[in-house]
Amino acid sequence: MTTLARQRWRMLGEVLLSKNLDLSSEHEDISVMRFKTYGLYVRSLLSSHDQDDGTWCQIEFPSIEDNHSNILSLDIRLCSSKIDYADLMGFNNTGNTCIWPSEEVLAFYCLKEKQIFENKSVCELGGGMTCLAGLALARSISLNELVATDGNEKSIANLNAILKAKSNENNWLCPIESQVLIWSRQLNDPKLKERFDFIISADCFFFEDLHHDLCHTIYYMLKDSAQQINKSYSSDLHYPILVILRKLPAKMKLSRHKFIRRILNYYRTHFNIEYPFIILIDGTFAFEALQWKIQIDEQLKAYLETDQIICSTTLCAIRETELLGGVAFGAMLILKQYEIVKCDHYPSISAEKCFQQVLIKDNTKKYFLASQSLSLREYSHDRRPDLPTMLITHNAINLERPSLNTRSIVEQTKKERLGVSKHDSNILKKIKHELNLDENEDNVTKKKKKKHGINPLSVKKKTKKKSINNNNNNTVVKKKRRRTRQIRMSSHLKEHLKELQKTFSIKEFFHEKKI
């Protein structure tokens, strides 16, 4: 354990013994929170009731254009600084410790860009004990609605106290609803589905284990073409980061369903696959679905866009998961819910060999093979190319494209349907023979192509001929005339050179040198 870790554990022990969150100057050096505020608002304490353990304070956001005026003034309540062991063992309590700098930045951004939120449905995720950004919007501009959420019941209780305060009760410009909301990939609340135009959150990507749950919750609650705004700050550099996630429009969501319909129609037209769809599931598929928390029945109905689905398996597949023990216990419980396809194997064999024999045993029965085993899917592509296969990738069930063997069989059947059969070709030959058309076929002469002249564009340019002198019988070649460049000089230089030529001769100079 490092010295910094020891100091933090010592600080936690001191806080638990004193049951108070007030930190000394010694604790500030080892605390994760490097600074308390960006200075975007002014906070002043208010007098609180004797029975109230919390601390009431007034938040004032100054205007950007005019320092003397304020955008808004808001009375909020901070949770009690006392801390118990139950707070550490329960749900995440970071939102009840203080107003984090990321909340401050998000509230300031929302006030600065408040026009985009006008008459819109807004939800704040993980708002903590104050939901500062959401309340700031509800006080400054008229929204369609505001839903403030957090996963901690203590935070929602503190938020309800702020909403019911006399100084705030009649000053909200929109209806406000507060509720406990836990992020989950299995979120299924019809009241929240595609309800909001904007979702705002402050520093909610801190825990990596909850990323999938948070993204699913955001996508589930946003309307089409809506936005999610998250404000956070880097723990190393201490600067704010703005993350805006835009939900894809409905046309983009339909692209995946169009791909599925295209593949299903392909198998229907060429291999006569009809309803109900019988899905043959093995232990590997059930195990992968359990890892990603996928409900196979519901996902298949939504993915294939039909309720006529029969999930089935074999006794060998169930027996295989039982032999694996606790690792595949959840997959075994999933397989036991499905219909059993008779395989007549006693004693039981591996699920892969069992599925191979089941697929070959009855060629007329149409299955959908659902397996994570690559060898089993390749076996199906080779021996039963008429069956579609599926697997789980990227946290979703995906239908595989038709294999090369499947496509080649489809192309052969097309040629057989469109081409002339042997019986028809024999009849055509007899008719040609009776009408003496087959003799004329051999005598048909092909037209010969005529010789064309030279392409004028490809002819080279004419070369100049050498001139011949008949008197001397010698060939005289005309030499090219060399052009000399004229050196331009100014008039005063020319006059100076003329004077030098009178007094000085170059020939005489060189003649003297030779002597």
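# Briefing: surface patches, an enclosed helix and backbone exceptions

The structure holds zero disulfides, a disulfide being counted as a pair of cysteine sulfur atoms within 2.5 Å. This is a predicted model, in which local features need pLDDT of at least 70 and side-chain atom pairs count only at pLDDT 80 or more, whereas totals for chains, interfaces and linings use all residues. Residues are numbered from 1 along each chain as its sequence is written, and side-chain values use heavy atoms, with hydrogens and water left out.

**Cysteines and burial**

- Cys79 has 10% relative accessibility and therefore counts as buried, a word that here means under 20% relative accessible area, with exposed meaning over 50% and partly exposed lying in between (1.4 Å probe, protein chains only).
- Cys174 is likewise buried, at a relative accessible area of 8%.

**An enclosed helix**

- In helix H5 (residues 132-140), nine of the nine residues are buried, so the helix is largely enclosed by the rest of the structure; helices (H or I, at least four residues) and strands (E, at least two) are DSSP runs numbered from the N terminus.
- Among the buried residues of H5 are Arg139 and Ser140, together with Leu132 and Gly134.

**Surface patches**

- Lys258, Arg262, Arg401 and Arg407 gather in a surface patch of positive charge; patches are made of residues with over 30% relative accessible area and no salt bridge, like charges being joined within 9 Å and nonpolar side chains (Val, Leu, Ile, Met, Phe, Trp, Tyr) within 5 Å.
- Lys258 belongs to helix H9 (residues 250-271) and, at 49% relative accessibility, counts as partly exposed.
- A nonpolar surface patch is formed by Val420, Ile427, Leu428, Ile431, Leu435 and Leu437, which together have about 540 Å² of accessible area (Shrake-Rupley method, 1.4 Å probe).
- Helix H17 (residues 422-434) gives the largest share of the nonpolar patch, three residues, while Leu435 sits in the loop between H17 and helix H18 (437-443) and is exposed at 54% relative accessibility.

**Backbone exceptions**

- Most residues other than glycine have a negative phi, and most peptide bonds are trans.
- Cis peptide bonds join Tyr275 to Pro276, with omega about -5°, and Tyr346 to Pro347, also with omega about -5°.
- Pro276 lies in the loop between H9 and strand S10 (277-281), where Asn272 is also placed.
- Asn272 has a positive phi near 55° and is exposed, with a relative accessible area of 55%.
- Glu305 has a positive phi near 60° and is partly exposed, at 38%.

Conventions
Salt bridge = Lys/Arg side-chain N within 4 Å of Asp/Glu carboxyl O. Lys, Arg positive; Asp, Glu negative; His and termini not counted. Charge placed at Lys NZ, Arg CZ, Asp CG, Glu CD.
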